[in-house]
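Work through the exercises below with the structure in view. Try each task before reading its solution.

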Amino acid sequence: MSSYESPGLGGRLLRLPGQLLLALVNATALLVITACVLSLIVLNRVEIAGDRIAGTVTDAALARLDVSPTEFRTRLEALDGRIESLSAQLSDPDLQDHWEVARQLKELNANLADIKLAAAGLANAGSDVTGAAFDEAGELLTNALYTVRGCEAGARSDEPAS
């Protein structure tokens with residue numbers, strides 16, 4: 001019987017480096033698993049925050065234009081239909097009514113000028129959009145910190161305790 005297999009102190013000391021290595025491998029595996037789980041949680045929170053920020057930004061932009069999302073979509077679809085109709089008329093070699101096409105081109109130019117004005121308004125709303133994004137990110141971070149701390153997000157220090 002060798003000293004490595006003996007139940008005495010010498011055998012235990014000889015097995016100690018192997019057991020320490022095994023414990024280190026197990027600890028590393030646990031840390032990797034924990035890091036993966038935390039990464040998934042953070043990615044989920046970032047995706048949720050991105051969705052919320054995108055919604056806030058879209059609402060802010062449309063509010064700046066004083067138009068509802070359905071009305072904006074309807075306008076874009078109507079504009080697309082008019083462009084397709086005008087393109088079909090212009091591609092017709094037997095075009096008889098060129099005054100009608102000229103009138104439609106003027107209307108289309110007016111619509112495009114309105115879109116250009118709306119785009120300029122959205123460009124000017126950049127600071128509002130940035131502010132909304134930072135507010136949303138701050139709220140998300142605050143809620144995450146409250147969750148990590150073990151408190152409820154609704155029980156903040158600015159609210160009276162009951």
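**Exercise 1: the second largest pocket**

Task: find which residues line the second largest pocket, and which helices supply them.

Solution. Step 1: the lining consists of Leu38, Ile41, Val42, Arg45, Val46, Ala49, Leu140, Leu141, Ala144, Thr147 and Val148. A pocket is an open set of points on a 1 Å grid over the protein atoms alone, where a 1.4 Å probe fits, with protein on both sides within 12 Å along at least five of seven lines; lining residues have an atom within 4 Å of a point. Residues are numbered from 1 along each chain as its sequence is written. The model is predicted: local features need pLDDT of at least 70, side-chain atom pairs count only at pLDDT 80 or more, and totals for chains, interfaces and linings use all residues.

Step 1: helix H1 (9-65) and helix H4 (126-149) each give at least two lining residues. Helices are DSSP runs (H or I, at least four residues), and strands are too (E, at least two). H1 has the largest share, 6 residues.

Step 2: sort by class. The lining has 9 nonpolar, 1 polar and 1 charged residues. The pocket holds about 180 Å³, the space filled by probe spheres set on the points.

**Exercise 2: the largest pocket**

Solution. Step 3: helix H2 (69-91) and helix H3 (98-124) are the elements that give two or more residues. H3 provides the largest share, 7 residues. Step 4: the classes are 11 nonpolar, 1 polar and 3 charged.

**Exercise 3: a surface patch**

Task: is Ile33 buried or exposed, and which patch does Ile33 belong to?

Solution. Step 1: Ile33 lies in helix H1. Step 2: Ile33 counts as exposed because its relative accessibility is 52%, and exposed means over 50%, buried under 20%, partly exposed in between (1.4 Å probe, protein chains only). Step 3: Ile33, Val37, Leu38 and Ile41 form a nonpolar surface patch, with about 360 Å² of accessible area together. Patch members have over 30% relative accessible area and no salt bridge, and nonpolar side chains are joined within 5 Å.

Terms used
Side-chain values use heavy atoms; hydrogens and water are left out. Ala, Val, Leu, Ile, Met, Phe, Trp, Tyr, Cys and Pro count as nonpolar, Asp, Glu, Lys and Arg as charged, and the others, Gly among them, as polar. Patches are made of residues with over 30% relative accessible area and no salt bridge: like charges are joined within 9 Å, nonpolar side chains (Val, Leu, Ile, Met, Phe, Trp, Tyr) within 5 Å. Accessible areas come from the Shrake-Rupley method with a 1.4 Å probe; for residues, only the protein chains shown count as cover. A salt bridge is a side-chain nitrogen of Lys or Arg within 4 Å of a carboxyl oxygen of Asp or Glu.
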